[in-house]
Amino acid sequence: MTAMELPGWKHVSSGKVRDIYAPADQETPDRLLLVTSDRISAYDYILPSEIPGKGKVLNQLALWWMEQLRDVIENHVITAETDATDPLSVPAPLVGRSVVAKALNMIPIECVVRGYLTGSGLVEYKESGTVCDIALPEGLVEASRLETPIFTPAAKAELGDHDENISFERAAEMVGEELASRLRDVSIALYEGARKIAAERGVIIADTKFEFGLDPATGNLVLGDEILTPDSSRFWPADQWQPGQITPSFDKQYVRDWLTSAESGWDKKSGENPPVLPESVVTATRDRYIEAFVRLTGEEPTL
């Protein structure tokens with residue numbers, strides 16, 4: 001990955017999807033420029049193919065959600081626009097896929113909330129009847145709706161490694177019980193608010209994850225990163241959901257399914273890098289991201 005050169009900004013890091021810049025003249029930055037690329041990852045690999053426009057969809061959807069949920073908790077957004085009088089606004093070529101955000105002391109816990117049983121949660125449930133040590137009722141199946149959403153945190157891993165599901169007790173050991181309780185309560189409140197909004201638009205949010213940081217100036221807990229996008233959530237069409245069956249989703253599950261199919265010829269346990277995605281998979285994935293955006297916001301993304 002080669003980072004862009006941006007006047008007034010210095011590149012500080014790149015993740016699976018985002019490139020992060022800090023003001024070039026600040027030793028301790030008070031803000032960061034977060035650029036959402038078109039890269040896509042699966043099974044802890046950054047794939048050799050990109051999904052055109054994906055970064056803009058993710059960035060614009062996350063901003064939309066932060067506006068919808070701003071009454072729940074403060075978020076990190078300073079601006080998503082360019083301003084000719086402010087060299088530390090979003091550079092004009094990156095408007096639509098970037099945000100200038102408060103520099104936070106990020107908390108090393110992914111705050112996952114599950115409202116339905118699927119994925120790694122279902123795997124654990126089948127083995128032990130629990131998810132992250134939370135006991136669930138007997139008889140649940142793929143896509144069962146949980147009576148009460150559950151907080152199932154994960155310890156953030158280094159780039160290329162897999163986040164580790166942990167219990168609430170382990171999260172409390174990591175950050176203290178008071179902060180862990182606050183993370184749990186705010187995460188569930190955000191999920192509940194988002195779930196209600198999505199339901200009105202015919203979309204189920206099966207599960208999602210949030211990240212938070214502490215504002216170094218105030219000590220306040222602040223919502224950061226992206227939220228409620230197809231990269232951080234499972235979105236299901238409500239009219240196709242049926243317990244006991246896999247529900248089609250508006251996210252990168254389509255890519256995961258192709259990678260594990262016979263057609264790809266790739267074994268995710270082989271240690272080899274994934275293959276290039278066929279154009280048909282790229283197009284179908286892009287269409288799913290855009291459809292999620294349109295269903296939720298009622299508008300087209302600016303691509």
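Residues count as buried under 20% relative accessible area, as exposed over 50%, and as partly exposed in between. The legends below apply these terms to a predicted model.

Figure 1. K209 counts as buried, at 15% relative accessibility. The closest N and O atoms of D225 and K209 are 3.2 Å apart.

**Figure 2. The salt bridge between R39 and D19.** The closest N and O atoms of this pair are 3.1 Å apart. Distant parts of the chain are linked here: R39 sits in strand β4 (residues 39-42) and D19 in strand β2 (residues 18-23), 20 residues apart. R39 is buried, its relative accessible area being 9%. D19 also counts as buried, with a relative accessibility of 10%.

Figure 3. K54 is found in helix α1, which comprises residues 54-68. This lysine is buried, with a relative accessible area of 1%. When neighbours within four places in sequence are left aside, K54 is in contact with V17, S37, D38, R39, I40, D231 and Y289. One of these contacts, R39, is the residue that forms a salt bridge with D19.

**Figure 4. Packing of helix α3 against helix α4.** The axes of α3 (residues 168-175) and α4 (residues 177-199) come within 7 Å and cross at roughly 125°. At that angle α3 is oblique to α4. The crossing in which α3 passes α4 is right-handed. On the α3 side the contact involves F168, A171, A172 and V175, which meet E177, L179, A180, S181, L183 and R184 of α4. By class, seven residues of this contact are nonpolar, one is polar and two are charged.

**Figure 5. The salt bridge between R184 and D185.** R184, one of the α4 residues that meet α3, forms a salt bridge with D185, and the closest N and O atoms are 3.1 Å apart. R184 is partly exposed, with a relative accessible area of 28%. D185 is likewise partly exposed, at 45%.

**Figure 6. Packing of helix α1 against helix α4.** The two helices pack at an angle of about 110°, and their axes are 11 Å apart. This angle makes α1 roughly perpendicular to α4. W64, W65 and Q68 of α1 make the contact with A194, I197 and A198 of α4. The classes represented are five nonpolar residues, one polar residue and no charged residues.

Figure 7. A194 lies in helix α4 and is buried, with a relative accessible area of 0%. Apart from neighbours within four places in sequence, the contacts of A194 are W65, L69, I205 and L228. W65 belongs to helix α1 and takes part in the contact of α1 with α4. A194 and K209 are 15 residues apart in sequence, and their C-alpha atoms are 12 Å apart in space.

Figure 8. Most residues other than glycine have a negative phi. L228 is not a glycine, yet has a positive phi of about 55°. L228 is buried, with a relative accessible area of 0%, and is among the residues in contact with A194. C132, also not a glycine, has a positive phi of about 50°. C132 is located in the loop between β10 (130-131) and β11 (134-135). At 6% relative accessibility, C132 counts as buried.

Methods:
Residues numbered from 1 in each chain as written. Predicted model: local features only at pLDDT ≥ 70, side-chain atom pairs only at ≥ 80, totals over all residues. Heavy atoms only, no water. Axes fitted to C-alpha atoms, helices over the stretch in contact; angles between N-to-C directions. Helix = DSSP H or I, 4+ residues; strand = E, 2+ residues; numbered from the N terminus. Parallel < 35°, antiparallel > 145°, perpendicular 65-115°, else oblique. Left-handed = near helix turned anticlockwise from the far one by under 90°. Contact = heavy atoms within 4.5 Å. Nonpolar A, V, L, I, M, F, W, Y, C, P; charged D, E, K, R; others polar. Salt bridge = Lys/Arg side-chain N within 4 Å of Asp/Glu carboxyl O. Buried < 20%, exposed > 50% of the residue type's maximum accessible area, 1.4 Å probe, protein only.
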